[in-house]
Amino acid sequence: MTSLAIPPERRSHRRYSLEIPLRYRAANSPLKTVWKHGRALDMSAGGILVYLPEPVAIGTKLELTMDWTGLYHGRQAMRLFIVAAVARLDGRGVALRILSHRFRDIALTRVRIPRADKNLTVA
């Protein structure tokens, strides 16, 4: 009977499975650059595995944004912004090393409706 050795875990942070839509673009791109859509597959404090519909090169820096579900410092609606570098490509997805991250409140967009009586002239 032979025993198979299980390789030791090399990651320094525990990975958590998730399935969250995300948007991404090249880091340091102009503000008007179109965000593309992908999906986060798993994540740890130091890295994130994502599915991107287009090929990217190892070393490429990307900006990611995703809505964060769950509480963060007592707030329920947060958006996570990440800057990450492509570390590895494999059959499961694109492995990114997180370089920086920040959370921001998801502000409710207010729609201003102009009042009809505001533009009236008095004769």
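Arg102 is partly exposed, with a relative accessibility of 41%. In this predicted model, Arg102 belongs to strand β6. Arg79 is 23 residues from Arg102 along the chain, and their C-alpha atoms are 8.4 Å apart.

Phe81 takes charge on its ring. Arg102 lies over the face of Phe81, 5.0 Å from the ring centre. The charged end of Arg104 also sits over the ring of Phe81, at 5.6 Å from its centre.

## Overall fold

The chain has six strands and zero helices. Read from the N terminus, the order of elements is β-β-β-β-β-β. The chain holds 123 residues, and 29% of them count as buried.

Contacts reach along the sequence. Take the contacts between residues at least 6 apart in sequence: 51% of them join residues at least 24 apart.

## The aromatic pair

How many aromatic pairs does the structure hold? There is one. The ring centres of Trp68 and Phe103 are 5.6 Å apart, and their planes meet at 75 degrees, so the pair is edge-to-face. The cut-off behind that label is an angle over 60 degrees.

Trp68 sits in strand β4, residues 61-68, and Phe103 in strand β6, residues 93-105. The pair therefore ties together parts that are 35 residues apart in sequence. Trp68 has a relative accessible area of 23%, which makes this residue partly exposed. The limit for buried is under 20%.

## The nonpolar core

The largest nonpolar core has 22 residues. Which of them touch the most other members? They are Ile48, Met66, Ile82 and Leu96. Six elements are listed as giving two or more residues to this core: β1 (16-26), β2 (36-43), β3 (47-51), β4, β5 (78-90) and β6. Strand β5 gives the largest share, five residues.

Leu96 shows how one of these members is surrounded. Neighbours within four places in sequence are left aside here. Leu96 then has contacts with Gly46, Gly47, Ile48, Val50, Leu62, Leu64, Ala84, Ala85, Val86 and Ala87.

Leu22 is part of strand β1. Is this residue buried or exposed? Leu22 counts as buried, at 2% relative accessibility. Beyond its neighbours within four places in sequence, Leu22 is in contact with Lys36, His37, Gly38, Arg39, Ala40, Val50, Leu64, Thr65 and Met66. Leu22 and Leu52 are 30 residues apart along the chain, with 9.5 Å between their C-alpha atoms.

Leu52 lies in a loop, the one between β3 and β4. Leu52 is buried too, with a relative accessible area of 7%. Not counting residues up to four places away in sequence, Leu52 touches Tyr24, Gly38, Leu62 and Val94. Gly38 is also among the contacts of Leu22. Across 41 residues of sequence, Leu52 and Gly93 are 7.4 Å apart, C-alpha to C-alpha.

## A loop residue with positive phi

Asn28 is found in the loop between β1 and β2. Its phi is positive, about 60 degrees, although Asn28 is not a glycine. Asn28 counts as exposed, at 73% relative accessibility.

## The second largest pocket

The second largest pocket contains about 200 Å³ of space. Its lining is made up of Tyr16, Leu18, Ile20, Met43, Ser44, Ala45, Trp68, Thr69, Leu80, Ile98, His101 and Phe103. Strands β1 and β6 each supply at least two residues of this lining.

Some names return here. Trp68 and Phe103 line this pocket, and their rings form the edge-to-face pair.

Key
Residues numbered from 1 in each chain as written. Predicted model: local features only at pLDDT ≥ 70, side-chain atom pairs only at ≥ 80, totals over all residues. Heavy atoms only, no water. Phe/Tyr/Trp six-rings, centres within 6.5 Å; stacked < 30°, edge-to-face > 60°. Helix = DSSP H or I, 4+ residues; strand = E, 2+ residues; numbered from the N terminus. Buried < 20%, exposed > 50% of the residue type's maximum accessible area, 1.4 Å probe, protein only. Lys NZ or Arg CZ within 6 Å of the ring centre and 35° of its normal. Core = buried A, V, L, I, M, F, W, Y, C linked by side-chain atoms within 4.5 Å. Contact = heavy atoms within 4.5 Å. 1 Å grid on protein atoms, 1.4 Å probe; cavity = no way out; pocket = protein on both sides within 12 Å on 5 of 7 lines; lining within 4 Å. Points joined across faces, edges and corners; volume = space filled by probe spheres on them.
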